[in-house]
Amino acid sequence: MSVDIWPPISAEELKVKEAESLKRELAWITAETIDVCHELKHGLEDCYALLAPIDPGSTLVMSTHRNERVKGTLTRVGTRIVKGTLNLQFRTLPSQVISIAPEAPIHIHALDELHTHLTQSLDLLALTIARPASFDNDALALASTLALLADSLAEAAALLKGPPLAYPDNSWLASSCPAHHFVPPLPSSVSFHVTLQESNVVLYLRALEPTDAPQHFGTKLGLAIGTVRRLEHDEMDLIFPYRPRGDGSAESRMGSARHSPQPPALGDVEQVFVREKIRIESADPSLISVYSKLGFLSHMLDQARRNLAAVMGVELED
């Protein structure tokens with residue numbers, strides 16, 4: 001079976017007709033893709049609103065299960081922990097109560113980066129929607145723009161997912177919160193580190209001991225004969241280079257929200273043991289909703305990119 005064109009046309013005219021048909025198809029798929037960009041922009045604006053610094057914020061319960069080694073709450077407003085009080089009952093340190101200093105809220109670095117990615121994605125979509133005619137004769141430019149957007153959304157989702165639990169995360173060594181964020185100031189023997197994991201806000205508290213700290217003879221004897229036992233955890237008996245002054249990720253971000261500030265000079269490094277480690281996670285409904293929306297928007301964007309690539313006759317890289 002064959003297909004003939006009637007009335008017959010020359011090969012040169014056929015090439016012209018094919019070019020016109022391809023141009024119409026590209027114009028159609030470009031218009032369809034711009035419509036998808038409108039929907040993506042509305043969805044990202046919803047995500048942006050969920051991260052907005054609107055009072056009263058989200059109150060997160062930070063308490064250990066089945067015991068009261070840590071008990072209290074933290075309040076997240078936007079990308080910051082603005083208030084909270086924790087009662088700490090370490091087994092290796094004296095009991096203490098700490099509060100977030102009102103004048104020094106703690107910035108969650110992953111949320112600051114997420115905010116930056118959402119801002120950049122919205123700016124990119126706004127430019128794409130405002131000047132769709134620039135893509136009429138260059139679908140490749142539109143495809144490149146969508147690829148940048150896909151990378152930004154993937155990185156945003158990765159920030160909410162956090163590092164895998166199966167692998168060690170040593171970011172606390174430099175990004176633990178400095179003492180001035182707390183009232184009274186946090187003692188040097190405690191590391192306070194806030195991060196994200198599976199869209200939950202996760203707090204790590206560590207009791208630290210300098211490697212050159214003198215050890216009481218009774219403790220040495222007890223460890224030798226087994227009457228004194230070390231608290232077992234995945235970081236025991238390891239030496240860590242710890243920076244108590246942090247790397248600036250918990251501080252206020254000065255300047256534009258679109259650009260990360262230059263990190264301050266890192267402080268001195270202290271060699272420490274982790275005597276005790278406590279992990280507490282608290283579900284944050286707003287962050288869970290943002291992660292779910294990002295997944296849906298990424299799927300929508302992926303389908304639009306594949307449709308555009310099919311009409312262009314190119315192969316989309318995974």
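The model is predicted, so local features need pLDDT of at least 70 and side-chain atom pairs count only at pLDDT 80 or more, while totals for chains, interfaces and linings use all residues. Residues are numbered from 1 along each chain as its sequence is written, and side-chain values use heavy atoms, with hydrogens and water left out.

**The sheet**

- Four strands form an open, antiparallel sheet in the order β7-β8-β10-β9; strands are DSSP runs of E with at least two residues, numbered from the N terminus, and two strands pair if DSSP finds at least two bridges between them.
- Because β7 (190-197) and β9 (240-242) stand at the edges with a single partner strand each, one side of each is left without a neighbour in the sheet.
- β7 is joined to the antiparallel strand β8 (residues 200-210) by eight bridges.
- Val194 has Leu203 in β8 as its bridge partner.

**Val269**

- Val269 lies in the loop between β9 and β10 (270-283).
- Val269 is partly exposed, at 38% relative accessibility (buried means under 20% relative accessible area, exposed over 50%, partly exposed in between, with a 1.4 Å probe and protein chains only).
- Leaving aside residues up to four places away in sequence, Val269 touches Pro241, Tyr242 and Arg243, where contact means heavy atoms within 4.5 Å.
- From C-alpha to C-alpha, Val269 and Gly246 are 10.0 Å apart, with a separation of 23 residues in sequence.

**Aromatic rings**

- One aromatic cluster is formed by Trp172, Phe240 and Tyr242; rings of Phe, Tyr and Trp (its six-membered ring) pair if their centres lie within 6.5 Å.
- The count by this rule comes to three aromatic pairs.

Key:
Phe/Tyr/Trp six-rings, centres within 6.5 Å; stacked < 30°, edge-to-face > 60°.
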